[in-house]
Amino acid sequence: MSAARAAKGLMGMAPQPRPDVPDWVAPALDSVLERVVATQAQVGDRFPLFADPRTGRWTTTGRGSWTGGLWAGLLWLRARYTKNDGAREAAAKYTDRLADWVHADTAARGLIFWYGTALADTPEVTELRDRAARVCRDAYDAELGLVPWGSAFGGPRLLARVDGVPGMVPLLATVDEQAAEAHLRRHLELCLDNGSFGWSWRYERPARWVRCDDPPPGWSRGRAWLLLAVADAIHRLGADDLAHVARHLIAAHAVPPADETHPGGPLDTSAAAISAVALLKLGRRERAVQVLQELVRTHLSSDGRLLDGCYDLTSGTATRHELIWGDYFLAYALAALTGLIDPHEV
């Protein structure tokens, strides 16, 4: 990226970086948020999911799926960055459409409603988040000790899946800290069973959890999702005893393989971006900067696309693509480094 572009910033309104921020951070954030403008123009009223690494064309969904809140959150971040009324209106429009998911039977509502609303500053969005949090609390199953994964995306309802933990912990914590902590700790018991990773478990009555193999144990995003949830619990719930769990979950590679049991396969930059946010929340700034530097220098295109994300290696879906949640977490981590937002704001 050119020095002129770095100085200009997005629409001439980039924040001044703090003295201890590496000089590549501000232009990288500028580039990623400029990509948001191009994405918005391309997808229209639909929600972006993943984009072809050659053409940049997005595969989209009509209702947003589990990633809809991350697109809304990215728009709110851009609105914060630009202080532009049009950007705020766009963010509010997409967030309002998330309301259809309030009563959907899925623990992915944590991803949808926490990340889609936490950066917003309107009473309407606050009300939506509060409503979603209460409905999720009502879905908490005391017998299982968690909010079940649910039936919204098909398959058995009584599942514990690691991607039902991030977002759900801070969302539940706004209305019921005990439920939030129980939800996390039950997932920790299962996902870290006997020192090995297992990211999905099926409940069979009367009281038996059976490990599932989808996602596979080597799924690097499982480790990243759980690390993010633990970081939120330490901060929001005062769960300081989980610090050793966080250390166990930090990946050895800055950008891990999509499946850690196949080190020669595709990478997953989205797992690295999620981990970078978690590391900042945990106060591990030096390691977070190392991860972000690798992402920016090796995997960020000149037009702000975070490439080499892996949606689903098992099915071969979008294995080397730009992923909307990868863009979100990269932008969030970079914005936190600049001081535009606090790492714990979301």
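Student: How do α3 and α5 pack, at what angle and how far apart are their axes?
Tutor: Helix α3 (residues 68-82) packs on helix α5 (residues 109-117) at about 5 degrees, and their axes are 7 Å apart. That makes α3 roughly parallel to α5. Angles under 35 degrees count as roughly parallel, over 145 as roughly antiparallel, 65 to 115 as roughly perpendicular and the rest as oblique. Axes are lines fitted to C-alpha atoms, for helices over the stretch in contact, and angles run from 0 to 180 degrees between N-to-C directions. Helices (H or I, at least four residues) and strands (E, at least two) are DSSP runs, numbered from the N terminus.

Student: What sort of model is this, and how are residues numbered?
Tutor: It is a predicted model: local features need pLDDT of at least 70, side-chain atom pairs count only at pLDDT 80 or more, and totals for chains, interfaces and linings use all residues. Residues are numbered from 1 along each chain as its sequence is written, and side-chain values use heavy atoms, with hydrogens and water left out.

Student: Sheets next. In what order do β3, β4 and β5 stand?
Tutor: The order is β3-β4-β5, in an open sheet with antiparallel pairing. Two strands pair if DSSP finds at least two bridges between them. β3 (159-161) and β5 (208-211) are at the edges with a single partner strand each, so one side of each has no neighbour in the sheet. The twist averages 25 degrees from one strand to the next.

Student: How many bridges join β3 to β4?
Tutor: Three, and β4 covers residues 200-204. L159 sits opposite R202 of β4.

Student: Which helix lies across β3, β4 and β5?
Tutor: Helix α8 (residues 177-191), which runs at about 85 degrees to β3.

Student: And β1, how many of its residues are buried?
Tutor: Five of the five residues of β1 (residues 47-51) are buried, so the strand is largely enclosed by the rest of the structure. Buried means under 20% relative accessible area, exposed over 50%, partly exposed in between (1.4 Å probe, protein chains only).

Student: Which strands does β1 pair with?
Tutor: β1 pairs with β2 (residues 58-61) over four bridges, in the antiparallel sense. Two bridges also join β1 to β6 (residues 322-323), again antiparallel. P48 has T60 of β2 as its bridge partner, and A51 stands opposite E322 of β6. The β1-β2 hairpin has six residues between the strands, and G56 takes a positive phi near 75 degrees there.

Student: What does the side chain of D308 contact?
Tutor: The side chain of H299 makes a polar contact with the side chain of D308 at 2.7 Å. A polar contact is a pair of N or O atoms within 3.5 Å; within protein, one must be able to donate a hydrogen and the other to accept it, and residues adjacent in sequence count only if both atoms are side-chain atoms. H299 lies in helix α12 (residues 285-299) and is buried, at 6% relative accessible area.

Student: Where are the cis peptide bonds?
Tutor: One joins R205 and P206, with omega about 15 degrees. Another joins D214 and P215, with omega about 5 degrees. P206 is in the loop between β4 and β5, and P215 is in the loop between β5 and α9 (220-236).

Conventions
Contact = heavy atoms within 4.5 Å.
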